[in-house]
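Subject: Structure for your review

Dear colleague,

Please find below the structure that I am handing over to you. A short account of the findings follows it.

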Amino acid sequence: MDKVISSDPRAVAVDDIIAAGRRMDRFGWVPATAGNISCRLPDGLIAITRSGGHKGMLTPHGVIEVTADGTPVHAGDRPSAETLLHCQIYAAFPRTGAVLHGHSVASTVLSMLADDALVLSGYEVLKVFEGQKTHDVSLRLPVFDNDQDIARLAQAVAPHLAEMHMGYVIRGHGVYVWGDDMDMALARLEGLEFLLACELEKRKIRA
Ligand SMILES: CSC[C@@H](O)[C@@H](O)C(=O)COP(=O)(O)O
Ligand SMILES: [Zn+2]
């Protein structure tokens, strides 16, 4: 889909979120109603996917606005069940403009085999992450236990946000990745998912 040329930041955000959902769906990262997607708007509000519904088949109706603390701007709107995790990332990183959450096979399986982190080493694609200039590095991808209480999950994540290079994984659930804008967030998600797919292949060969 061509990018919408618009001076209305809301229209651009809606278009970016719909396009991101389609791209994530093409890779198989948003099965059933999994995943959620958001953008920060210039006025500080957050455009985010409604809860439920397929993220590969979003329409403008599937994108709503919440305040920085996750309160829907329009009463009755039901934002993503994981809205607080998005809000937490925007609060921690003032430059962040987009947050993506997907449920890939690789992140789901590997996180169930890991302790508190997955360590990714030696891959050229590690350079997609901020500040990385070489493949010759080991980056830690934290893994948090899944929790249906999202406020409690956010509390578990909070102390570790500042040290994150790539995002994080929720065990048996999926990844959270972010970037200054949607293109950057998508590039990082694609890079991370490539690395996780490589790790999964390595483990299959070793088994
Ligand atoms: C297929 S169930 C997935 C949900 O429980 C959740 O993890 C998810 O990613 C989507 O929730 P949503 O409320 O639509 O944003
Ligand atoms: Zn999820």
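What percentage of the 207 residues of the protein count as buried? The figure is 42%. Please bear in mind that this is a predicted model.

Regarding the overall fold, the protein contains five helices and eight strands. Their order along the sequence is α-β-β-β-α-β-α-β-β-α-β-β-α. The C-alpha trace spans about 50 × 35 × 30 Å along its principal axes. A compact globule with 207 residues would have a radius of gyration near 17 Å, and the protein agrees with this, because its own value is 16 Å. Of the contacts between residues at least 6 apart in sequence, 62% join residues at least 24 apart.

Turning to the interior, nonpolar side chains tend to be buried together in soluble globular proteins. In this model, the largest nonpolar core has 52 residues, of which I17, A47, L100, V177 and A185 touch the most other members. Helix α5 gives the most to this core, contributing seven residues. Beyond its neighbours within four places in sequence, A47 is in contact with R10, A13, V14, I17, S38, C39, L41, V63 and E65.

A colleague

Note on methods: Residues numbered from 1 in each chain as written. Chains lettered and ligands numbered in written order. Predicted model: local features only at pLDDT ≥ 70, side-chain atom pairs only at ≥ 80, totals over all residues. Helix = DSSP H or I, 4+ residues; strand = E, 2+ residues; numbered from the N terminus. Rg over C-alpha atoms; globule rule 2.2 N^0.38 Å. Buried ≥ 20, exposed ≤ 12 C-beta atoms within 10 Å, placed from the backbone. Contact = placed C-beta atoms within 7 Å. Core = buried A, V, L, I, M, F, W, Y, C linked by C-beta atoms within 7 Å.
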